[in-house]
Amino acid sequence: MRHSRRTALASVVGLGMTAALGILPVATASAAPAAVPTGSPASYAAYEGSQENAAANRAFFEAVQRSVAEQRAANPGLKAVTVTYNTRSAPSFRSQISRSTQIWNSSVSNVKLQEVSSGGNFAYYEGSDSRGSYASTDGHGRGYIFLDYAQNQQYNSTRVTAHETGHVLGLPDHYSGPCSELMSGGGPGTSCQNTNPNSAERARVNQLWANGLVASGLGTKG
């Protein structure tokens, strides 16, 4: 469960689209760490914990916040913070995405996820990528979560989806954490079946989205 590195817009979007079609550029073959089998738990975790990954996590969260803030500015009467998404490009994972949404919406109170038929603050894609599942942003209020077929066969698929969705809500990877911590991702191994954020993760998301987006400095008072 890896968060993508933030590259130039063209290359980020290019990777997302081709990966969703299962057609990866030749250059991506070198993205997996040397001497680590492609598709292994180790390759999925290799990028986590790096400064680059932490920066990418933050960039995605801030991009989503900016997009939501723009919507609230255009509709100042809105009280609730709603982050919208679409699943048009991830038909195989609609049940997992729906369950992930239910998990997060029942776990936190200051922000809600809502599916829309098209557009939205972010989108889900599916396909094959040796680096596993990840989230990415174009830096302009739009982003996507990519769900890798192989990884979702190895790990609990709802956990993978809920973990990646956690990045949208502002949570970073914590690969060294226990199974009870959703953002530990694949760290606890394939036997981990927990799909829910723990109390600390829930509290952190509520804190990040408290009072609309006022606390972050990115929002407007509703």
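Phe61 is buried, with a relative accessible area of 2%; buried means under 20% relative accessible area, exposed means over 50%, and partly exposed is in between (1.4 Å probe, protein chains only). Phe61 lies in helix α3, where helices (H or I, at least four residues) and strands (E, at least two) are DSSP runs numbered from the N terminus. Keep in mind that this is a predicted model, in which local features need pLDDT of at least 70 and side-chain atom pairs count only at pLDDT 80 or more, while totals for chains, interfaces and linings use all residues. Residues are numbered from 1 along each chain as its sequence is written, and side-chain values use heavy atoms, with hydrogens and water left out.

**The whole chain**

- The protein chain has seven helices and five strands.
- Starting at the N terminus, the order of elements is α-α-α-β-α-β-β-β-β-α-α-α.
- Of the 222 residues in the protein chain, 51% are buried.
- Take the contacts (heavy atoms within 4.5 Å) between residues at least 6 apart in sequence: 67% of them join residues at least 24 apart.

**Phe61 and its neighbours**

- Leaving out residues up to four places away in sequence, Phe61 touches His167, Val168, Leu169, Gly170, Leu208 and Trp209.
- Phe61 and Ser136 are 75 residues apart along the chain, and their C-alpha atoms are separated by 9.7 Å.

**Val168, one of those neighbours**

- Val168 sits in helix α6 and is buried, with a relative accessible area of 0%.
- With residues up to four places away in sequence not counted, Val168 touches Phe60, Phe61, Val64, Val83, Phe122, Ile145 and Trp209.
- Between the C-alpha atoms of Val168 and Ala59 there are 9.7 Å, though the two are 109 residues apart along the chain.

**The nonpolar cores**

- In soluble globular proteins, nonpolar side chains tend to be buried together.
- A nonpolar core here is a set of buried Ala, Val, Leu, Ile, Met, Phe, Trp, Tyr and Cys residues joined through side-chain atoms within 4.5 Å.
- The largest one has 30 residues, and Val83, Trp104, Phe122 and Trp209 touch the most other members.
- Two or more residues of this core come from each of α3 (51-74), β1, α4 (94-107), β3, β5, α6 (157-168) and α7 (199-208).
- α3 gives the largest share of this core, four residues.
- Another core, of five residues, lies apart from it and includes Ala123, Tyr125, Tyr134 and Tyr144.
- As for Trp209, it touches Phe61, Val64, Gln65, Val81, Val83, Asn110, Val111, Val168 and Leu169, again not counting residues up to four places away in sequence.

- Strand β3 covers residues 122-127, and six of its six residues are buried.
- In a regular strand the side chains alternate between the two faces of the sheet.
- In β3, Phe122, Tyr124 and Glu126 point one way, while Ala123, Tyr125 and Gly127 point the other way.
- Two strands pair if DSSP finds at least two bridges between them.
- Strand β1 (residues 82-89) runs parallel to β3 and is joined to it by three bridges; here Ser89 has Tyr125 of β3 as its bridge partner.
- Strand β5 (residues 143-148) also pairs with β3 in the parallel sense, over six bridges, and the bridge partner of Glu126 in β5 is Leu147.

**Helices α4 and α6**

- Two packed helices are described by the angle between their axes and the distance between the axes.
- α4 and α6 pack at an angle of about 55 degrees, and their axes are 9 Å apart (axes are lines fitted to C-alpha atoms, for helices over the stretch in contact, and angles run from 0 to 180 degrees between N-to-C directions).
- That makes α4 and α6 oblique to each other, because angles under 35 degrees count as roughly parallel, over 145 as roughly antiparallel, 65 to 115 as roughly perpendicular and the rest as oblique.
- From α4, the contact uses Gln96, Ile97, Arg99, Ser100, Ile103 and Trp104, and from α6 it uses Ser157, Thr158, Thr161, Ala162, Thr165 and Gly166.

**A loop residue**

- Pro91 is in the loop between β1 and α4 and counts as partly exposed, at 45% relative accessibility.
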